[in-house]
Amino acid sequence: MQDVREALYVGSRSDGKLIRRPMSPHLQVYKMRLSMFLSISNRITGVVATAGSALGVVWLAALARGPKSFAKARKVTGNPLGQLVLFGWIISLVWHTIGGLRHFIWDAGHRYDKKELNEDGPVAIGVIAGVGVTLATALLATSCCRARHRAKLLKKAS
């Protein structure tokens, strides 16, 4: 072995005989397919959903600290950039959940043929878009209604 990398290709069969394992091709070798994109993005959205959940814990901690601290947190989540971050978090949670359900179905031994994988990809995108936008819209509408209600209460009080 002249190259250290050669040692990585050495493997053994079940009978103990040494063999040369094939090198796995890099991602650039493959043509990007929807199922490949969904699989990669499922991992990315898992990281984003985890980071967003950490922000959710910070928000809950502000609530626990009292009204002054919570008012600051509401100020952050109420501005357009904060709303955009919340929307991204919601979409990543929905995306990762739907991707996780697909993986769960595959782990159970179903829908794993190439034809079925290709059929399920567009369905997953549709479900992600539908559920994500519906959930985000519902939360935004609830937030706007509560803000109007608070404004009315403040107007009556003064």
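Mentor: Let's start at Arg 111, which is found in the loop between helix H3 (80–107) and H4. Keep in mind that we're looking at a predicted model.

Trainee: OK. What's the phi of Arg 111 like?
Mentor: Positive, at about 55 degrees, although Arg 111 is not a glycine. Most residues other than glycine have a negative phi.

Trainee: And is Arg 111 buried or exposed, or in between?
Mentor: Arg 111 counts as partly exposed, because its relative accessibility is 32%.

Trainee: Which side chain makes a polar contact with the one of Arg 111?
Mentor: That's the side chain of Asp 120, at 2.7 Å. Asp 120 lies in helix H4, which covers residues 114–157.

Trainee: What else is Asp 120 in contact with?
Mentor: If you leave aside neighbours within four places in sequence, Asp 120 is in contact with Arg 102 as well as Arg 111.

Trainee: Why does Asp 120 count as buried?
Mentor: Its relative accessibility is 18%, and buried means under 20%, so Asp 120 falls on the buried side.

Trainee: What does Leu 117 touch?
Mentor: Not counting residues up to four places away in sequence, Leu 117 touches Arg 102, Trp 106, Arg 111 and Tyr 112. Arg 102 and Arg 111 were on the list for Asp 120 as well.

Trainee: How many Å apart are Leu 117 and Phe 104?
Mentor: They're 13 Å apart, C-alpha to C-alpha, and 13 residues apart in sequence.

Trainee: What about Lys 115, buried or exposed?
Mentor: Lys 115 counts as exposed, because its relative accessibility is 62%. Lys 115 is found in helix H4.

Trainee: And where is Gln 28 relative to Lys 115?
Mentor: The two are 87 residues apart along the chain, and their C-alpha atoms are separated by 23 Å.

Trainee: Switching topic: what's going on at Ser 41?
Mentor: Ser 41 has its place in helix H1, residues 34–65. The side chain of Ser 41 makes a polar contact with the side chain of Trp 95, at 2.9 Å.

Trainee: Is Ser 41 buried or exposed?
Mentor: Buried, because its relative accessible area is 8%.

Trainee: Let's zoom out. How many helices and strands does the protein have?
Mentor: Four helices and two strands. Along the sequence the pattern runs β-β-α-α-α-α.

Trainee: How does its radius of gyration sit against a compact globule?
Mentor: The protein has 24 Å, while a compact globule of 158 residues would be near 15 Å. Along the principal axes, the C-alpha trace spans about 85 × 35 × 30 Å.

Trainee: What share of the residues is buried?
Mentor: Buried residues make up 20% of the 158. The accessible surface comes to about 12,300 Å², and 68% of that belongs to carbon and sulfur atoms.

Conventions:
Residues are numbered from 1 along each chain as its sequence is written. This is a predicted model: local features need pLDDT of at least 70, side-chain atom pairs count only at pLDDT 80 or more; totals for chains, interfaces and linings use all residues. Side-chain values use heavy atoms; hydrogens and water are left out. The radius of gyration is taken over C-alpha atoms; the globule rule is 2.2 Å times the number of residues to the power 0.38. Buried means under 20% relative accessible area, exposed over 50%, partly exposed in between (1.4 Å probe, protein chains only). Accessible areas come from the Shrake-Rupley method with a 1.4 Å probe; for residues, only the protein chains shown count as cover. A polar contact is a pair of N or O atoms within 3.5 Å; within protein, one must be able to donate a hydrogen and the other to accept it, and residues adjacent in sequence count only if both atoms are side-chain atoms. Contact means heavy atoms within 4.5 Å.
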